[in-house]
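The following exercises concern a single protein model. Please work through each task before reading its solution.

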Amino acid sequence: MTLLSNTPPHAVVPLGAYRLDDLRRQAARADQRLLHCDLTGARDKAEVLDAIGTAFGLPDYYGGNLDA
């Protein structure tokens, strides 16, 4: 049994204590998607939203607005 095998597909789980490579493998085994975005250098909301857009391959019209 793996970390993600009993996790519902819609769940948001804090995973900071786990290695990223292990999480990716476990997500693949559990037929789930792992979305990862490194926000280490982000200093404000605009930089966080820009990093999310880039990491998740959002289209250019995303505009850095999660509320839209």
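**Exercise 1.** Determine how much space lies in the largest pocket and which residues are closest to its centre.

*Solution.* Step 1: the largest pocket holds about 420 Å³ of space. A pocket is an open set of points on a 1 Å grid over the protein atoms alone, where a 1.4 Å probe fits, with protein on both sides within 12 Å along at least five of seven lines; lining residues have an atom within 4 Å of a point. Step 2: 17 residues line this pocket, and Ala11, Val12, Arg33, Leu34 and Leu35 are the closest to its centre.

The model is predicted: local features need pLDDT of at least 70 and side-chain atom pairs pLDDT 80 or more, while totals for chains, interfaces and linings use all residues. Residues are numbered from 1 along each chain as its sequence is written, and side-chain values use heavy atoms, without hydrogens and water.

**Exercise 2.** Find the partner of glutamate 47 in a salt bridge.

*Solution.* Step 1: the partner is arginine 43, with the closest N and O atoms 2.7 Å apart. Step 2: arginine 43 has a relative accessible area of 71%, so it is exposed (over 50%; buried is under 20%, partly exposed in between, with a 1.4 Å probe and protein chains only). Step 3: glutamate 47, at 25%, is partly exposed.

How values were computed:
Grid points are joined across faces, edges and corners, and a volume is the space filled by probe spheres set on the points. A salt bridge is a side-chain nitrogen of Lys or Arg within 4 Å of a carboxyl oxygen of Asp or Glu.
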